[in-house]
Amino acid sequence: MNPLPEIDLVLLRTWIGRQEIVHDFVTEDLARKYHATMDYGGEAPLPGQAVPRLIHLCLAQPAAAAHLLGPDGHPRRGGFLPPVPLPRRMWAGGSFVFHDDLKVGQAVKRTSTIENVVLKEGRTGRLCFVTVKHVIEADGAAVVEERQDIVYRDVEAPGDTPAAPPQSEIGEVTRPMRAEAPLLFRYSALTFNGHRIHYDRRYSTEVEGYPGLIVHGPLQAALLCDFAGELRGKPPTRFEFRGFSPLFDIDAFSLHATEAEGSLRLWTAKNGGPLCMGATAYWD
């Protein structure tokens, strides 16, 4: 068995405060393709019209050269994000504050800042959390403020049995869903996400040991945020989410929603199975 890599937390924490600024455009082509990928129906937004919440996750994404990618399809460690030596990287959760809508045709500026690096011990071993803050501006004003929680973790040792994730309840409102390979491939393409667990079934099953392709955390968040907007008749002004267990393309699952005081609780769960992602939407 390979020894566990050493983690120099002092070194990793020197990344705190590091910033990256990237510019992009909300093009009509992006709005059209996102509209088709999410299967909204009707006409896609035209120039000057608002685009859906969370489409900003398709903007200003890292574009590492192909020779700089690691074996998992992510850019190799280092650069803007700290070089955490743990092998598996996932988006654990995050939050969004929406000050306004992005619109087709706008130029956007994304300022990203490393806010924290923390090492913890979890049920599957060591976990290193990196917190990133993104501010997306258009026309000189902040439109979206985002907190992104990235987790790096060890590979489970043979024979390890991780604690079971919490069992899902049934929401007051539910919607059956499937997230099959074409949707995952399209979403990976729109977000320029090269992580192979989302589109390369052989890699996902044979190398990382999953039963299928993993449904992106941000994609689940987008489905839940859209669901919240449909139920309330307008998009939320704040949205928070957290992942609990993986969801795969082979799984039948449902979106769930239940009213809470001043908010709407939402979650994804495999039908008859565990909680996959939990979220809360607010209308301030």
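The largest nonpolar core holds 48 residues. A nonpolar core here is a set of buried Ala, Val, Leu, Ile, Met, Phe, Trp, Tyr and Cys residues joined through side-chain atoms within 4.5 Å. Buried means under 20% relative accessible area, exposed over 50%, and partly exposed in between, with a 1.4 Å probe and protein chains only. Tyr34, Leu54, Phe96, Leu102, Leu219, Phe239 and Leu266 have the most contacts inside this core. Helix 5 gives the most to it, with eight residues. Helices (H or I, at least four residues) and strands (E, at least two) are DSSP runs, numbered from the N terminus.

This is a predicted model, in which local features need pLDDT of at least 70, side-chain atom pairs count only at pLDDT 80 or more, and totals for chains, interfaces and linings use all residues. Residues are numbered from 1 along each chain as its sequence is written, and side-chain values use heavy atoms, with hydrogens and water left out. The predictor's confidence in each residue is its pLDDT, from 0 to 100. Its mean over the chain is 92, and 95% of residues reach 70 or more. Among the elements, helix 2 has the highest mean pLDDT (98) and strand 2 the lowest (92).

Contact means heavy atoms within 4.5 Å. Leaving aside neighbours within four places in sequence, Leu54 is in contact with Tyr34, Phe96, Phe98, Pro218, Ala221, Ala222 and Cys225. A second, separate core has 13 residues, including Ile7, Leu12, Leu81 and Val84.

Two strands pair if DSSP finds at least two bridges between them. Strand 2 (residues 88-98) and strand 7 (residues 238-243) run antiparallel and are joined by five bridges. Ser95 stands opposite Glu240 in strand 7.

In helix 2 (28-37), Leu30, Ala31, Tyr34, His35 and Thr37 are buried. They cover an arc of only 165 degrees around the axis, which puts them on the same side of helix 2. The arc is that of the directions from the helix axis to the C-beta atoms. These buried residues pack against helix 3 and helix 5. Asp39 follows helix 2, with a positive phi near 60 degrees.

Helix 3 (residues 181-190) buries Leu183, Leu184, Tyr187, Ser188 and Leu190. These fall within an arc of 165 degrees seen down the axis, so they line one face of helix 3. They pack against helix 2, strand 6 and helix 5. On the other side of helix 3, Pro182 and Phe185 are exposed.

Finally, find Asp251, in the loop between strand 7 and strand 8. Is Asp251 buried or exposed? Asp251 counts as buried, at 13% relative accessibility. Not counting residues up to four places away in sequence, Asp251 touches Arg178 and Lys270.
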